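Subject: The structure, and what I found in it

Hello,

Here is the structure I promised to pass on.

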Amino acid sequence: MEILKIENVKKEYANGDKKLYALDDVSLAINQGEFVAIIGPSGSGKSTLLHIIGGIDKPTSGKVLINGADISSLRSDKMTIFRRQNIGIVYQFYNLIPTLNAEDNITLPVLLDGKKVDKEKLEELIQLLNLEKRRNAMPSELSGGEQQRVSIGRALINNPSILLADEPTGNLDSKASKEIVEIFKYYNKTYKQTILLVTHDEEIALQADRIIKLQDGKIV
């Protein structure tokens, strides 16, 4: 079943009298449960595409449909709610709240929606992420790999339709990187979680079900 559809998306910027295209007529479809890697050189449009899919940025033209909903037409306040409930995002630099411990960072999206935390789901995630002994630690007390595992838990706590990961291992050593990729692979296979991962690491990309390459804002 198709969970994500991108139709003729363009993202342009003005540079004097010229127009620069970060994305130039990009179309693609991703099915439920796919693990897809997006690769390409620096400046190819990888992160721009991920930000548009995540509703952080808007396309100049074209459509982005998640579960049939055209998110490119949503107002910013509606988009914030949609993103929190349907899209999980993992960044390179973690973006944890420094005054909250690991467990509270994970559960924050649920609390922001005014919902009750599913304790069973929380415990399952904490065990999967190997954070049982670090759940009360503050971000400053965690290693880079542990902080990234917390951010993955935060992205997954609301059972998102799609998980977006923007260079999630770019700030980690090889051991921590391998652990993060294994978590993605396990969650994808066990829970059929749809994952779209941007990476410059070909070894990581090869572990995905499908690889999409961008160059100069186009799929090649």
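Below are my notes on the sheet, the salt bridges, one arginine and a pocket.

First, some ground rules. This is a predicted model, in which local features need pLDDT of at least 70 and side-chain atom pairs count only at pLDDT 80 or more, while totals for chains, interfaces and linings use all residues. Residues are numbered from 1 along each chain as its sequence is written, and side-chain values use heavy atoms, with hydrogens and water left out.

Let me start with the sheet. Four strands make an open, antiparallel sheet in the order β2-β1-β4-β5. Helices (H or I, at least four residues) and strands (E, at least two) are DSSP runs numbered from the N terminus, and two strands pair if DSSP finds at least two bridges between them. The edges are β2 (18-31) and β5 (69-70); each has a single partner strand, so one side of each is left without a neighbour in the sheet. Strand β1 (residues 2-15) runs antiparallel to β2 and is joined to it by 10 bridges. For an example you can look up, Val9 has Val26 in β2 as its bridge partner.

Next, the charges. The structure holds 13 salt bridges, each being a side-chain nitrogen of Lys or Arg within 4 Å of a carboxyl oxygen of Asp or Glu. One of them joins Arg210 and Glu34, at 3.0 Å from N to O. This pair links distant parts of the chain, with Arg210 in strand β9 (residues 210-215) and Glu34 in the loop between β2 and β3 (35-39), 176 residues apart. Arg210 counts as partly exposed because its relative accessibility is 28%, whereas Glu34, at 14%, counts as buried. The cut-offs are under 20% relative accessible area for buried, over 50% for exposed, and partly exposed in between (1.4 Å probe, protein chains only).

Another salt bridge is formed by Asp113 and Arg84, whose closest N and O atoms are 2.9 Å apart. Asp113 lies in the loop between α3 and α4 (119-128) and Arg84 in helix α2, so the pair ties together parts that are 29 residues apart in sequence. Within helix α6 (residues 174-191), Glu179 and Lys175 lie four residues apart, about one turn of the helix, and their side chains meet at 2.8 Å, N to O. Lys175 is exposed at 59% relative accessibility, while Glu179 is partly exposed at 30%.

Finally, the largest pocket has a volume of about 400 Å³. Of its 15 lining residues, the closest to the centre are Arg84, Ile87, Ile89, Pro109 and Arg154. The elements giving two or more residues to this lining are α2, β6 (87-90), α3 (102-112) and α5 (144-156). As for the method, on a 1 Å grid over the protein atoms alone, a pocket is an open set of points where a 1.4 Å probe fits, with protein on both sides within 12 Å along at least five of seven lines; lining residues have an atom within 4 Å of a point. Grid points are joined across faces, edges and corners, and the volume is the space filled by probe spheres set on the points.

Best wishes
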